[in-house]
Amino acid sequence: MSKEVVLSVQGLEKSFGDQHVLRGVDIDIRRGESIVIIGPSGCGKSVLLRHMIGLHQPDKGAVYVDGVDVSHMRRRDLYEVRKKFGFLFQASALFDSMTVGENVSIGLKEHFHLSPEELRRTAEVQLDLVNLRSAIDKKPSELSGGMRKRAALARAIAMDPEIILYDEPTTGLDPITADVINDLIRSLQKRFHATSITVTHDMTSAYKIADRIAMLHEGRIVFDGAVEDVKGTENPYVQQFICGKAEGPIQTV
Amino acid sequence: MREAVSSLGRGAMRAIAELGELAILVVRIIKVLPQLPRTVRLTVVQMMEMGVGSLPLVIVTSFFTGGVAAVQAAYQFQNWIPDRFVGSVVGRSVLIELGPVLTGLVVGGRVGASIAAELGTMKVTEQIDALEAMAIDSTRYLVLPRFVAGAIMIPVVTIFADGLAIFGGYLAAVGSLGMSGETYVSGLRLFFETSDVWSGMIKSLVFGMVIALMGCYYGLQTSGGAEGVGKSATHAVVSSCLLILISDYILAEFLFSWIFA
């Protein structure tokens with residue numbers, strides 16, 4: 001717990017029309033840790049994640065990355081900060097007009113002067129990490145859901161990010177493929193010592209990849225603790241969520 | 001009554017907000033314009049798509065437009081006006097008006113819808129967010145190439161359409177009106193003004209920018225899945241057609257009262 005805070009969310013509030021999604025989120029994330037933010041679908045987990053990289057502007061509060069406020073930043077400076085991040089989108093968000101290899105290397109192509117051969121070699125190395133080298137020349141539409149997720153993961157880590165954001169990395173995958181993705185996230189974490197921030201409602205995934213778990217409910221963090229604490233907690237929100245019960249303080253619609 | 005007024009007010013507010021967002025997009029395009037050399041390859045791809053891809057449509061449209069212009073002109077002359085003026089009427093009306101406007105409307109429908117649908121799909125599948133998350137400016141990467149390609153290719157396609165329409169008029173004049181080729185061409189030359197060509201080009205430049213801008217704007221505004229993409233494509237086509245006709249009038253006033261007066 002002594003490590004420095006790399007990302008700090010302070011008093012974050014966000015509404016879309018009449019819907020108050022975030023109502024004052026406070027959370028600190030330390031360098032190198034893997035934190036999982038759990039919460040029911042539609043509770044604002046993804047919105048929180050998108051604030052961290054400046055894809056949403058908060059109504060109130062701020063997000064600090066390495067001590068710099070990213071929520072009120074000029075576009076050009078924001079792009080510099082974003083280069084520290086990798087983002088795995090929920091539906092993979094691969095560019096369907098490009099091959100898998102081009103998808104993986106697009107960040108490098110745009111930000112560094114690399115030759116086509118170098119770009120391809122880098123794409124091969126990244127795809128090797130996710131066991132997808134054979135698909136380098138395929139279009140995303142030719143891949144299965146799990147393969148798309150792996151390709152998107154290779155793209156997210158291609159720029160060697162300090163912080164990787166995972167938006168529901170296992171949603172929509174079968175349990176075995178989900179486990180493959182969990183293993184990959186864990187091994188990338190160990191290998192590159194990147195800070196991982198994952199939002200999910202998949203508890204199996206959360207237990208597997210987290211050092212620390214926080215729970216978001218009604219726009220606030222209602223629990224924040226180590227994995228062992230989650231299992232033993234008497235917090236009624238966490239209890240209801242991890243046991244998957246319809247009855248409890250969390251109202252389902 | 002109260003409801004009617006409040007819905008009118010909401011509509012007006014929405015229109016003002018849309019205008020503001022459109023203005024922001026224009027400002028951002030201007031800001032990224034110096035980075036055009038970085039997107040040359042993407043721009044060329046768009047130019048191919050807009051220009052070469054639109055050719056079959058433009059060939060048919062302009063060929064028959066020229067033919068109809070010749071036949072209609074001869075019908076209206078009714079032997080009161082000499083045949084050679086058919087060439088003059090076709091030439092000038094095609095260069096100033098029919099070429100740029102019809103090309104704008106026809107290519108605008110095709111190109112505007114395709115830009116809006118492509119960007120709209122990218123928006124709803126988070127591909128645009130993915131670009132932004134990788135610190136790639138989506139305005140530079142997606143909007144700028146389409147905008148520049150539209151501004152270059154619509155005039156180029158219009159020149160092509162002008163030539164074909166005049167040739168279509170020639171074939172109709174010779175084939176069905178029984179005129180000689182020399183009569184048609186001499187009429188064409190009689191009142192030919194270089195300013196007609198320029199005014200047509202200026203119009204098509206504006207139309208090209210309008211088409212690309214509307215496609216990009218509505219594409220980027222897309223929300224709500226497949227239905228949203230469909231709506232964006234429709235909005236892009238309808239608004240670019242309306243803006244082409246409105247700006248055509250304004251440009252006609254401006255060009256012929258001020259510039260080429």
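What percentage of the 261 residues in chain B do buried residues make up? The answer is 46%. Please keep in mind throughout that this is a predicted model.

## Chain B: helices from end to end

Let's stay with chain B for a moment. Its secondary structure consists of 8 helices and 0 strands. If you follow the chain from the N terminus, the elements read α-α-α-α-α-α-α-α.

The C-alpha trace of chain B spans about 65 × 55 × 35 Å along its principal axes. Of the contacts in chain B between residues at least 6 apart in sequence, 85% link residues at least 24 apart.

## Chain A: helices and strands

Now turn to chain A, where you can find 9 helices and 10 strands. The radius of gyration of chain A is 18 Å, close to the 18 Å that the globule rule gives for 253 residues, so chain A is as compact as a globular protein of that length.

Buried residues account for 53% of the 253 residues in chain A. For contacts in chain A between residues at least 6 apart in sequence, the share that joins residues at least 24 apart is 66%.

## Where the two chains meet

An interface is often described by the accessible area lost when the parts come together. Here, chain A and chain B bury about 1800 Å² between them, and 54% of that lies on carbon and sulfur atoms. Three residues stand out on one side: Tyr79(A), Phe95(A) and Glu110(A) provide 31% of the area that chain A buries against chain B, more than any other three residues. In total, 21 residues from chain A and 18 residues from chain B take part in the contact.

## Charges and polar pairs across the interface

How many salt bridges are counted between chain A and chain B? There are 6 salt bridges. In one salt bridge, Arg140(B) pairs with Glu110(A), and their closest N and O atoms are 2.6 Å apart. Across the interface there are also 10 residue pairs in polar contact.

On the side of chain A that touches chain B, α2 (75-82) and α3 (100-111) each supply at least two residues. The element that gives the most to this side is α3(A), with 4 residues. Sorted by type, the residues on this side of chain A are 11 nonpolar, 3 polar and 7 charged.

Note on methods: Residues numbered from 1 in each chain as written. Chains lettered and ligands numbered in written order. Predicted model: local features only at pLDDT ≥ 70, side-chain atom pairs only at ≥ 80, totals over all residues. Heavy atoms only, no water. Contact = heavy atoms within 4.5 Å. Buried area = accessible area lost by both parts, 1.4 Å probe. Salt bridge = Lys/Arg side-chain N within 4 Å of Asp/Glu carboxyl O. Polar contact = N/O pair within 3.5 Å; in protein donor to acceptor, adjacent residues only side chain to side chain. Nonpolar A, V, L, I, M, F, W, Y, C, P; charged D, E, K, R; others polar. Rg over C-alpha atoms; globule rule 2.2 N^0.38 Å. Buried < 20%, exposed > 50% of the residue type's maximum accessible area, 1.4 Å probe, protein only.
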